[in-house]
Amino acid sequence: MAMKNLLKEDDIKKALDQFKAADSFDHKKFFDVVGLKALSAENVKLVFQALDVDASGFIEEEELKFVLKGFSADGRELTDKETKAFLAAADKDGDGKIGIDEFEALVHE
């Protein structure tokens, strides 16, 4: 499912522009600007599935690096520092990856 079916294209562009610089990514601000926080839990889980490129049921560290590209091809890669900080914020059970419920909880925290 394309992100544009769930989120407004203008919000996606605004969010990507706001975090264009390396090491500027803040997941809480990004989720708010892109419109994820306003989505229902069900729709947040659809976004998760779109970001889970290998359909493993988890967003692993390698997929997380490309999370902004999941919103738009124009998105940049996260730096290693940003990726590790994002993973640490979301990975509540310490398994080194983000499950669908962890993602939903992070978006709506």
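Analyst: Here we go through some labels and the cut-offs behind them. This is a predicted model, where local features need pLDDT of at least 70 and side-chain atom pairs count only at pLDDT 80 or more, while totals for chains, interfaces and linings use all residues. Residues are numbered from 1 along each chain as its sequence is written, and side-chain values use heavy atoms, with hydrogens and water left out.

User: Why is His 27 called buried?

Analyst: Buried means under 20% relative accessible area (exposed is over 50%, partly exposed in between, with a 1.4 Å probe and protein chains only). His 27 has 13% relative accessibility, so it counts as buried.

User: Where does His 27 lie, and what is it in contact with?

Analyst: His 27 lies in helix 2. Helices are DSSP runs of H or I with at least four residues, strands are runs of E with at least two, and both are numbered from the N terminus. Contact means heavy atoms within 4.5 Å. Leaving aside neighbours within four places in sequence, His 27 touches Phe 86, Ala 89, Leu 106 and Glu 109.

User: What makes helix 1 and helix 2 antiparallel or parallel?

Analyst: You compare axes, which are lines fitted to C-alpha atoms (for helices, over the stretch in contact), with angles from 0 to 180 degrees between N-to-C directions. Under 35 degrees is roughly parallel, over 145 roughly antiparallel, 65 to 115 roughly perpendicular, and the rest oblique. The axes of helix 1 (residues 9–18) and helix 2 come within 8 Å and cross at roughly 155°. That makes helix 1 roughly antiparallel to helix 2.

User: Which residues of helix 1 and helix 2 meet?

Analyst: Asp 11, Ile 12, Lys 14, Ala 15, Leu 16 and Gln 18 of helix 1 meet Phe 30, Val 33 and Val 34 of helix 2.

User: And why are helix 3 and helix 7 called oblique?

Analyst: Their axes come within 9 Å and cross at roughly 120°. Helix 3 and helix 7 are therefore oblique to each other.

User: Which residues of helix 7 are buried, and what do they pack against?

Analyst: In helix 7 (residues 100–107), the buried ones are Glu 102, Phe 103, Glu 104, Leu 106 and Val 107. They pack against helix 2 (27–34), helix 3 (41–51), strand 1 (58–60), helix 6 (80–90) and strand 2 (97–99).
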